[in-house]
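Subject: Structure handover

Hello,

Here is the structure you will be working with. Please open it alongside this message.

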Amino acid sequence: MKLYNSLTLQVEEFKPVHENQVNMYVCGPTVYNHAHIGNARPMVVFDTLRRVFEADGYKVKYVSNFTDVDDKIINKALEEGVKENEIAERYIEAYNRVRDSLNTEKLDATPRVTETMDEMIKFIEKLVEKGNAYVVDGEVYFSVDSIGSYGELSHQNTDDLKVGARVEENDKKRNPLDFLLWKKTDVGIQWDSPWGKGRPGWHTECVVMIGDNFNHELIDIHGGGKDLKFPHHENEMAQSNAVNGHHLANYWVHNGMLNLNGGKMSKSLGNIQLAKDVIAQLGANVTRWLLLSVNYRDIINFSDETVEAARTELGKVEQALHQAEVKAQLAGTVLDEAVDGHWDEFMAAMNDDLNTPNAYKVIFDTVKELNQSLRQREIDFVKVGSHYSSIKKMLSVLGIFFDEIRLTDEDRELYQKWNEAKAVKDFATADQYRAKLQERHII
């Protein structure tokens with residue numbers, strides 16, 4: 001496996017910290033609203049990455065958190081006159097339904113901020129003790145000047161960053177780039193701490209939850225959207241360097257953003273497409289096929305045209321598989337599960353930094369050969385089986401699954417009548433049978 005590492009700006013050969021084991025953490029959502037289709041992209045991308053590693057023989061531990069305390073959650077709770085945990089629980093359940101409906105494999109852990117509060121307070125205390133953080137009026141700030149590596153993940157010069165930071169300069173900070181670790185508050189949910197009542201800052205939460213779930217060791221992969229690289233992931237790395245003495249992860253992997261009809265999707269424009277609505281309309285298979293249709297690091301455009309292209313492409317794949325199933329059953333044979341050489345080509349593409357466009361080409365090539373085999377007067381079902389099994393296995397790595405066609409006696413009779421009508425050139429009757437067979441997805 002080769003992966004593009006945002007830290008080094010290079011595609012690198014993957015070398016795990018522990019042999020045959022991949023430890024991966026992906027930043028999860030702040031649960032104050034439903035997931036939109038852009039939020040679904042990292043769900044699909046990193047689930048697919050996990051599946052590729054598993055196909056390569058690795059054991060994968062995949063953890064993704066829920067940020068269940070935040071100003072947005074508190075404000076939503078105040079608006080509705082309910083407790084923050086009611087808001088959080090509502091949208092955690094909604095996010096889990098989206099994950100399930102996208103055919104994602106079950107996560108190994110889904111830690112929550114509110115369940116990790118003691119560890120977070122202890123972690124901030126360590127930063128203060130080590131001189132990497134300071135207390136001002138019941139709030140705690142991380143000192144970016146306390147480490148010399150700040151800016152190395154986002155590849156930005158700290159002097160340039162200060163110019164932008166001064167726009168929002170806080171007179172409590174020693175340096176405008178310093179960021180909040182503990183926020184003093186008298187609004188909404190809060191916890192006791194050595195510095196007074198408050199709640200943790202966002203940038204501390206993931207560092208602590210990673211440490212808590214991976215024994216404070218360096219993990220293999222830290223993932224998320226490109227929008228998290230700075231400041232969130234930069235600030236995570238800074239804290240880990242200060243306390244743990246390591247970069248938190250060997251490989252920092254970021255997926256590109258999603259545009260809607262060529263432009264940005266935002267609440268202010270009123271064009272948010274909720275993931276649950278998209279999946280209900282398109283189904284998991286088409287949604288995943290579309291979200292994986294371009295390289296994960298590139299911007300993807302979600303539009304009527306790209307949706308239709310995904311439907312058409314995947315429809316051709318499904319049709320070929322169903323034809324193989326139908327013809328095998330009519331011939332009274334079982335399709336062999338051995339794969340052909342295209343499987344290795346597919347995995348080579350997927351192991352090349354998740355090169356899904358090349359992987360799709362391999363699928364299309366295999367579908368073409370399958371269709372050619374099915375059109376032969378004397379069908380070689382060994383060859384058909386190898387193409388069929390290869391395609392099914394490739395699709396499973398992409399998290400795409402089709403129900404198999406199972407012919408009933410009525411289906412078989414209808415198919416026979418269709419062939420008989422064609423044989424006597426009764427094309428009007430044949431067309432009627434054909435329409436019925438198409439309704440049943442048999443042809």
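Below is what was found in it.

The model is predicted: local features need pLDDT of at least 70, side-chain atom pairs count only at pLDDT 80 or more, and totals for chains, interfaces and linings use all residues. Residues are numbered from 1 along each chain as its sequence is written, and side-chain values use heavy atoms, with hydrogens and water left out.

Two helices pack together. Helix α12 (residues 356-374) and helix α13 (residues 381-397) meet at an angle of about 155°, and their axes are 9 Å apart. They therefore count as roughly antiparallel (over 145 degrees, taken between N-to-C directions on a scale from 0 to 180, with axes fitted to C-alpha atoms over the stretch in contact). Helices here are DSSP runs of H or I with at least four residues, strands are E runs of at least two, and both are numbered from the N terminus. The contact (heavy atoms within 4.5 Å) includes Val-362 and Leu-370 of α12 and His-387 and Ile-391 of α13.

There is also an open sheet of 3 strands, in the order β12-β11-β13, with mixed pairing (two strands pair if DSSP finds at least two bridges between them). β12 (263-264) and β13 (300-302) are at the edges with a single partner strand each, so one side of each has no neighbour in the sheet. β11 (residues 258-260) runs parallel to β13, joined by 3 bridges; Leu-258 has Ile-300 as its bridge partner in β13.

Finally, Gln-21 lies in strand β3 (residues 21-26). Among the residues that Gln-21 touches are Tyr-58 and Asp-220.

Regards

How values were computed
Angles under 35 degrees count as roughly parallel, over 145 as roughly antiparallel, 65 to 115 as roughly perpendicular and the rest as oblique. Lists of a residue's contacts leave out its neighbours within four places in sequence.
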